[in-house]
Number of protein chains: 2
Amino acid sequence: MAQARQPHDLLAASSVRPSPHWPDAAKALYGPARMSAQRALIAEEVMAFPGAFTAEDLHRTVGRRAEGVGLATVYRALAAMQEAGAIASVGERDGSALLARCGRDDHHHHLVCTTCGTVVGVECPLDHAALAAATREGHLVTSHEITLYGVCAVCRDQKDAG
Amino acid sequence: MAQARQPHDLLAASSVRPSPHWPDAAKALYGPARMSAQRALIAEEVMAFPGAFTAEDLHRTVGRRAEGVGLATVYRALAAMQEAGAIASVGERDGSALLARCGRDDHHHHLVCTTCGTVVGVECPLDHAALAAATREGHLVTSHEITLYGVCAVCRDQKDAG
DNA sequence: TGATAAGTGAGAAGCGTTCTCACTTTCTGT
DNA sequence: ACAGAAAGTGAGAACGCTTCTCACTTATCA
Ligand SMILES: [Mn+2]
Ligand SMILES: [Mn+2]
Ligand SMILES: [Zn+2]
Ligand SMILES: [Zn+2]
């Protein structure tokens with residue numbers, strides 16, 4: 001049965017059961033949630049990504065390092081990371097949610113390179129003047145969604161050169 | 001067969017076939033696209049909506065005035081209106097796209113009342129200062145998505161009173 | 001009025017995401 | 001170290017919104 005995969009076949013080869021402890025860098029992404037070999041691998045790939053990615057993107061890169069990691073597992077790991085505040089939804093691409101590492105805890109938004117996926121945080125452009133206009137209309141603004149798209153310096157240079 | 005519905009059973013009762021001409025107000029929403037009894041009805045309901053709605057919302061209200069209008073027809077009509085620039089996507093609610101009438105042709109964004117769906121246009125809050133910050137990072141901003149959510153004056157008063 | 005391109009309704013299909021189930025593994029006391 | 005409880009896993013089914021397919025009907029225009 002494919003179900004009977006040993007826990008650390010994914011990372012090491014020992015068949016005894018060592019009390020598993022995981023890299024702190026990976027563990028940090030999941031907050032209080034429980035750790036696993038799959039999640040360690042997923043965390044590494046998330047940290048390797050230069051910017052925004054979809055669940056499928058991630059599942060593909062994970063699949064290059066270990067087989068049999070289910071897509072549902074990737075979705076669950078991403079949900080845990082999001083809950084822990086390690087990643088954030090930064091928009092969408094072709095109907096799939098775009099995610100990216102984001103450790104910041106202050107209010108900000110994201111600027112996504114449409115070519116390479118690089119993400120940079122930008123401060124919220126909604127100043128008092130903008131909100132005043134809404135208030136003038138009688139609206140009380142309670143939340144907002146802002147995503148900027150563009151081309152990063154690296155990709156711009158490559159286009160100029162090519 | 002349910003397929004054999006007369007063209008104008010939906011609007012009038014004449015069973016002859018008058019050279020059909022449609023209300024200008026309704027026709028305007030579809031631009032150059034072809035007109036039909038269903039689309040006339042759909043356009044009326046769109047114009048009756050105070051603000052944002054989903055495809056299902058619209059299909060429901062249309063269903064109160066005529067039976068047998070397919071959901072696919074509503075989606076196709078909405079696509080035509082969007083192409084004609086008569087409506088715009090203004091966000092999403094519970095996984096469904098939120099649409100609203102929007103005849104403006106200048107660059108602006110939308111503020112949606114989360115209680116009643118009322119939509120008001122707001123001018124783009126991205127000023128030169130905000131874009132300068134992105135440029136400083138090397139990014140060239142090419143597009144952006146902004147949606148504001150809040151509570152309109154009417155709904156705020158109702159909450160205070162109730 | 002006839003030809004043609006477009007719209008329609010019902011249901012199937014797509015697609016990203018979530019859920020279910022039986023099983024495995026981590027984690028916390030002791 | 002050990003046992004028990006709670007959480008994670010993989011495969012595939014299910015889900016919800018949206019789009020497509022097909023046979024048929026209808027608007028539009030010469
Ligand atoms: Mn960020
Ligand atoms: Mn508008
Ligand atoms: Zn780039
Ligand atoms: Zn309101």
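This briefing walks through the fold of chain A, the metal sites and the charged side chains of the structure above.

The structure is a predicted model, in which local features need pLDDT of at least 70 and side-chain atom pairs count only at pLDDT 80 or more, while totals for chains, interfaces and linings use all residues. Residues are numbered from 1 along each chain as its sequence is written, chains are lettered from A and ligands numbered from 1 in the order in which they are written, and side-chain values use heavy atoms, with hydrogens and water left out.

**Chain A as a whole**

- Chain A holds six helices and five strands, where helices (H or I, at least four residues) and strands (E, at least two) are DSSP runs numbered from the N terminus.
- Read from the N terminus on, the elements of chain A follow the order α-α-α-α-β-β-β-β-α-β-α.
- Of the 162 residues in chain A, 39% are buried; buried means under 20% relative accessible area, exposed means over 50%, and partly exposed lies in between, with a 1.4 Å probe and protein chains only.
- Among the contacts in chain A between residues at least 6 apart in sequence, 46% join residues at least 24 apart, a contact being heavy atoms within 4.5 Å.

**Metal sites**

- A:His108 counts as buried because its relative accessibility is 11%, and A:His110 counts as buried at 10%.
- In chain B, the manganese ion (ligand 2) is coordinated by B:Cys102 (SG), B:His108 (NE2) and B:His110 (NE2), at 2.1 to 2.4 Å, and its donor residues are spaced C-x5-H-x1-H in sequence.
- B:His108 is buried at 11% relative accessibility, and B:His110 is buried with a relative accessible area of 10%.

**Helix H2 of chain A**

- A:Arg39 is found in helix H2 (residues 37-48) of chain A, and A:Ala40 also has its place in helix H2.
- A:Arg39 is buried yet has no salt bridge, since the nearest side chain of opposite charge, A:Glu83, is 9.6 Å away; a salt bridge is a side-chain nitrogen of Lys or Arg within 4 Å of a carboxyl oxygen of Asp or Glu.
- The side chain of A:Arg39 reaches the backbone oxygen of A:Arg34 at 3.3 Å.
- Not counting residues up to four places away in sequence, A:Arg39 touches A:Tyr30, A:Ala33, A:Arg34, A:Arg76, A:Ala77 and A:Ala80.
- A:Ala40 is buried, with a relative accessible area of 3%, and its C-alpha atom is separated by 9.7 Å from that of A:Asp24, which is 16 residues apart from A:Ala40 along the chain.

**Salt bridges**

- Over all chains, the count comes to 10 salt bridges.
- A:Asp57 and A:Arg60 meet in a salt bridge at 3.5 Å, N to O, and both lie in helix H3 (residues 55-65) of chain A, three residues apart, about one turn of the helix.
- Within this pair, A:Asp57 is buried with a relative accessible area of 13%, whereas A:Arg60 is partly exposed at 47%.
- B:Glu45 forms a salt bridge with B:Arg65, the closest N and O atoms being 3.1 Å apart.
- This pair links distant parts of the chain, with B:Glu45 in helix H2 (residues 37-48) of chain B and B:Arg65 in helix H3 (residues 55-65) of chain B, 20 residues apart.
- B:Glu45 counts as buried at 11% relative accessibility, while B:Arg65 is partly exposed with a relative accessible area of 44%.

Terms used:
Lys and Arg count as positive and Asp and Glu as negative; His and the chain ends are not counted. A polar contact is a pair of N or O atoms within 3.5 Å; within protein, one must be able to donate a hydrogen and the other to accept it, and residues adjacent in sequence count only if both atoms are side-chain atoms. Donors are N, O and S atoms within 2.8 Å of the metal (3.2 Å for Na, K and Ca); water is not among the atoms, so sites may look incomplete.
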